[in-house]
Amino acid sequence: MKTTVLATALLAAGLGLLAAPVHADDVPPVQDTPYAPGTLKIHVDATDVAHRIFRVHETIPAAAGPLTLLYPQWIPGHHSPTGPIDKFAGLTVKANGKTLEWTRDPLNVYAFHVNVPEGASAVDVDFQFLSAQERSQGRVMMTPEMLSLQWDTVSVYPAGHNIRMIDADASVTLPAGWEAATALELESKNGNTLDYKTISYNALIDSPMLAGKYHKQIDLDPGAKVPVHMDLFADAPKYLEATPEQIKPHRELIQQMYKLYGAHHYGHYTFLTSLSDKLGGIGLEHHQSSEDGVSADYFTEWKKNALSRDLFSHEYNHSWDGKYRRGADLTTPNFNVPMSNTLLWVYEGQTQFWGMVMAARADLWTDEQARDMFAYAAATYDKGRPGLASWRNVQDTTNDPTIAQRAPLPYRNYQASEDYYVAGAMIWLDVDAKLRELSGGKNTIDDFAKAFFGMNNGDWKVNTYTFEDVVSTLNNIKPFDWASFLRTRLDGHGPLIGGIAEHGWKLTYTDKPSDAVKAIEARRGNADLTYSLGLSVGKDGGINDVLWDGPAFKAGVGPSMKVVAVNGTEYSADALKDAVTDAAKDKSKPVELLLKGFDSYKTVRIDYHDGLKYPHLERIASKPDTLSKLLKAR
Amino acid sequence: MLGSAALSVAAAVASLASGSTVNVDVDASEISRRIVHAKVSLPAKTGPMTFTYPKWIPGDHSPDGTIAGVVNMRITAGKETVAWTRDPVEMFAFHVDVPPKATSIEIAFDFVTPSDGGTLSGSNMGTENVGVINFNQLVFVPENAKSDDVTVKARLTVPKGWGAGTALPGTRKGDVFDFDAASLTTFVDSPVNMGRHFKRFVLDDKHAVSVAAESEAALDVPTDVVTEWRQLVAEAGALFGGARHYRRYEFLVTLSDHVDFFGLEHHESSDNRFAERGLIDDDKRAYYASLLPHEYAHSWNGKFRRPADLWTPTFDMPMQDDLLWVYEGLTDYWCGVLTARAGLWDASQYRDSLASIAAAMAHRSGRAWRSLQDTADAAPLTYFGGGGWISFRRGTDFYPEGQLLWLDVDTRIRELSGNKRSLDDFARAFYGMDNGSYVTKTYTFDDVVNTLNQVQASDWATFLHDRLDYTGSELPEHGIERGGWKLVYTDTPNAMDKAMEKVRHGVNLAYSLGLSAGSNGNIYDVQWDGPAFKAGLVPGLVIVAVNSKDYSPDVLKDAVTAAKAGAPIELLVKNDELYSTYRIDYHDGLKYPHLVRAKGSDLLGDIATARK
């Protein structure tokens, strides 16, 4: 056994302080050297839509001797070791037509070792990537109408070299008559086979494809030198009908971003938009594109889907924050070196913030919708995350992509999960308020955005940063103890929503849900009584979450249970809400739930008489309304 | 119920159209869509005319003709469209004005059934793979025409390539049957079953079984069963004195899980419908085994011999059902006897079936207010009552209790005659005449009593009335005891009840907790004044949980057993959208009926023994 840099890194991540390298894999360490044997040739046959199978043939130039092939594990944007190797199948490796034995590294299941025979200059690799057939198996990547091709799922690459120094030549065969969109540049087209220009393996993985039967391209920046498009793929042609009024705010988004940052980091950009209720949902950022999955009726039921619209501002913002500027510890030399996520509260937190703010500036949202969403977010960090108020902090949640990997959680509110997104947005709202306070309204977070993300127009080579870089940029705008300001919020258990009041608004709770809460309830099919009974319930009575130490929790309600009846009447969201209201009017009335857990039934009485509670923002008359200033188009 | 003056005079059977020929052309090629097209050509004379659709269907004993399924009716005379109106009182009668010079009218219509719901011949008639038609669905008749006097010339198209079975003589070319001219009585009495998967089992030169099924696998009938069918034919011949009242006999068997369980007797055939795997699955075969013998026995008892007041010359005239305890009750008795004698059941299965019937009838709380006779008199109600409270309302009890009544008679004859004579002698005397004739021979109550007296002198009128007219809390029939057996209850179901629970996926706790329920907790029935009733339960509620555990038939049974030690039985029950808990105070455990040997000789054994 030999020790490697990678092995040590894995041990540090997985086994903490255990130093002895007794469990090390056999994968060569990454060197910053070009991959000398030559360009990877990757061909994907994506025509088998019926079986949802991607068939891959890959030629990897290689010198004789040991060769380790890696299937990408740490996928940028996922921040977690979740490359879908469970759906990788049928691996055969040949050299000069002769099958080579392969072995999987027992300590690194993403690594395959082969021995390249003398006289061979390349290996031919064949395998299949099996898309999930249904949601419970993972993300469905092929439907009868469209497919999502992510190169990390359909390629392997040689270990030992920086992925920016491995060249790749990719091609794909699509079902007849389908069209494709990708940030890759086309070299040639032969029938249904598209051959793309050679590019670094790193950039290839960053340039996924969306293809389908029903496609429409919308120009989001007409006349611009640097084109920005929205490529729509839909379950049916009728869903492609976007009206000029609907396109307008998406176009405005581009201009607002340019005004904010004053620079961009791509040669061209496209929103790979799936309008589908079949393809697995997605929101994944790339330098020159993003994968944006919304419901099929995103345009045709425009009002109903209003709350999805910040997906576009969010993923687009990542081109600056996340792709171009990236935490130094997150920037890895290949896709199988562990990432460290300590700065995700910038990467995702500030992107969450700008996603919401830019949705308002671009008129994707009205100011009221934006305020409702800020109220919803603020309530979460006011009363909805007892875990953050007690045992866990926002900083620690940046480890959650690796810990929970987005698996469903039993006590989401207490465990906390990827809270660096929305809690991060709350912190940045607070930073904005502080800048305004310190500068007498002259400086705002817009100044930070321009200074931190708005350099080197057109450059899209990753520009890394550390915590200290964030602090010094803030100090350059307005000197202050920004390190303490941030660390208090990131590492503590104290309040996170001070920014709301600082911007002249107060978080209140009333018995009427906001339009945003109503829309969220409709989309999730649940009844959100988090701030009253302390639980949320799905359509069929299945309990989604029970607020730790809340009234329902104290009465014995658990999240695995199903509400069968409320005060003796069959469960419906209305029956439950009516019972809460009745118990507030008449304090002697209980909220009695008939619950089913596994095969057992029990009745619990919840001693709660304070009525329904939904979050809203209310103006503080004595303070100026800087929130509206923040949301105002530039 | 009859309003039209012309129809209400029962004796006024006109000769207007008697002796004439009605042409019927039926296209059943779309029976999978549950649509059958028909054209009926009626002889007509210029001027006002009334014609009717069969209303009182022989064997249904009720005015349940399928008029609701008649759609798209259009009438022409030559090329001329003829307007029609329905009689405002009698929904089965239509009036037209026949144009000058016309000698016939043609009634074109479609007949449809629902895929689910509907009753008897108004229920589902077709699936992708099978279909059944009864010609009463597809014919119109001149008003008051005697069915014996009307001749029908019919043609039938079946779905392409399907097999079909019928007793109606004729020739088949391709998918078209050209039937020989037949009386309207015989036409309506001769259904056709058809299927994509079809097999005809020839038993001998006069008997065959035509099976239409949902699958090829369902046709794979064990050879033993075919042997037992032959035994059935032989045993029936022996029982009924060698006389057969048909030219040849066709058992029509339609096997589908999407067609309602059904059996309808005819002179020369029977229409038997049951589960797709009813002939190949052992439990299901045992459960359905008695259907063919029942309908077959009807050829003698019901079709050939028929109560005088039940027999009618037309299909418009009301039937009287007071002797159904003979028509159906005695048939049910012969059915048990023949099923056992043919070997379709063994002696213990026969006894199990008697035990189940006896227990059910012993728990008919409705006997307190209603006599067995009334269940027959009110047959048009009891067939269609539906819903719960079956034990208190009483249903068509003239079948099961009728069977017990005739067992009582049989054992009584054996007792009085020192076992020299039995009800078999009655059978010979009552049905054994006119071999080959299928002209109905009617009888009255007195004829039944007289024939019994010929076999064994006794006061049979009093014997029968004591049981038929009885109201009270006891089961008035005692044939089981006289036959050397006794009804007892244990905590294990008998083999037939077990098979029934397997087939019907429910639980019958009528004799313990006092309720029966489906696999989903639907309460089918609650025993009036029983423990469940006293706790407040009623039919139609849904049991959600038993002692806080998710309901299943087994969980409920386990709770009944556990309650013997004193624990309560607590049911969480859903009533529309309301949930509430019921405590049943019952601690006597599970109870299932069985027969055990008692004193005296084993007459049940003698009765079940094959004659051939």
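What percentage of the 634 residues of chain A count as buried? The share is 47%.

**Confidence**

Chain A has a mean pLDDT of 95, with 96% of its residues at 70 or more. Residues 1–21 of chain A are a stretch where pLDDT stays under 50. For this stretch the model has 22 contacts beyond four places in sequence. Where pLDDT is low, the predicted coordinates should not be read in detail.

**The two chains**

The table lists overall values for each chain.

| Property | Chain A | Chain B |
|---|---|---|
| Helices and strands | 20 helices, 32 strands | 20 helices, 32 strands |
| Residues | 634 residues | 612 residues |
| Buried residues | 47% | 50% |
| Radius of gyration | 26 Å | 25 Å |
| C-alpha extent along principal axes | about 85 × 65 × 60 Å | roughly 85 × 65 × 50 Å |

For chain A, the radius of gyration agrees with a compact globule, because 634 residues would give a value near 26 Å and the chain has 26 Å. Chain B agrees in its own case, because a compact globule of 612 residues would be near 25 Å and the chain has 25 Å.

The contacts within each chain can be described by sequence separation. In chain A, 70% of the contacts with a separation of 6 or more are between residues 24 or more positions apart. In chain B, 71% of the contacts between residues at least 6 apart in sequence join residues at least 24 apart.

**Helix α7 of chain A**

Helix α7(A) covers residues 367–383. Its 17 residues should span 24 Å at 1.5 Å a residue, and the distance between the end C-alpha atoms is 24 Å, so expectation and model agree. Of these 17 residues, 13 are buried, and therefore the helix is largely enclosed by the rest of the structure.

Strand β14(A) comprises residues 193–196, and its side chains alternate between two faces. L194(A) and Y196(A) point to one face and are buried.

Two strands pair with β14(A). Strand β11(A), residues 167–173, is antiparallel to β14(A) and pairs with it over three bridges.

β13(A) and β14(A) form a hairpin with two residues between the strands. In this hairpin G191(A) takes a positive phi near 60 degrees.

**Contact between the chains**

How many residues of chain B are in contact with chain A? Nine residues of chain B meet 10 residues of chain A. On the side of chain B that touches chain A, β29(B) (549–550) and β31(B) (578–584) each supply at least two residues. The most comes from β31(B), which gives three residues. By class, this side of chain B has four nonpolar, two polar and three charged residues.

How values were computed
Residues are numbered from 1 along each chain as its sequence is written. Chains are lettered from A and ligands numbered from 1 in the order in which they are written. This is a predicted model: local features need pLDDT of at least 70, side-chain atom pairs count only at pLDDT 80 or more; totals for chains, interfaces and linings use all residues. pLDDT is the predictor's confidence in each residue, from 0 to 100. Two residues are in contact if their C-beta atoms, placed from the backbone, lie within 7 Å. Helices (H or I, at least four residues) and strands (E, at least two) are DSSP runs, numbered from the N terminus. The expected span of a helix is 1.5 Å times one less than its number of residues. A residue is buried if 20 or more other C-beta atoms lie within 10 Å of its own, exposed if 12 or fewer, and partly exposed in between; C-beta atoms are placed from the backbone. The radius of gyration is taken over C-alpha atoms; the globule rule is 2.2 Å times the number of residues to the power 0.38. Ala, Val, Leu, Ile, Met, Phe, Trp, Tyr, Cys and Pro count as nonpolar, Asp, Glu, Lys and Arg as charged, and the others, Gly among them, as polar. Two strands pair if DSSP finds at least two bridges between them.
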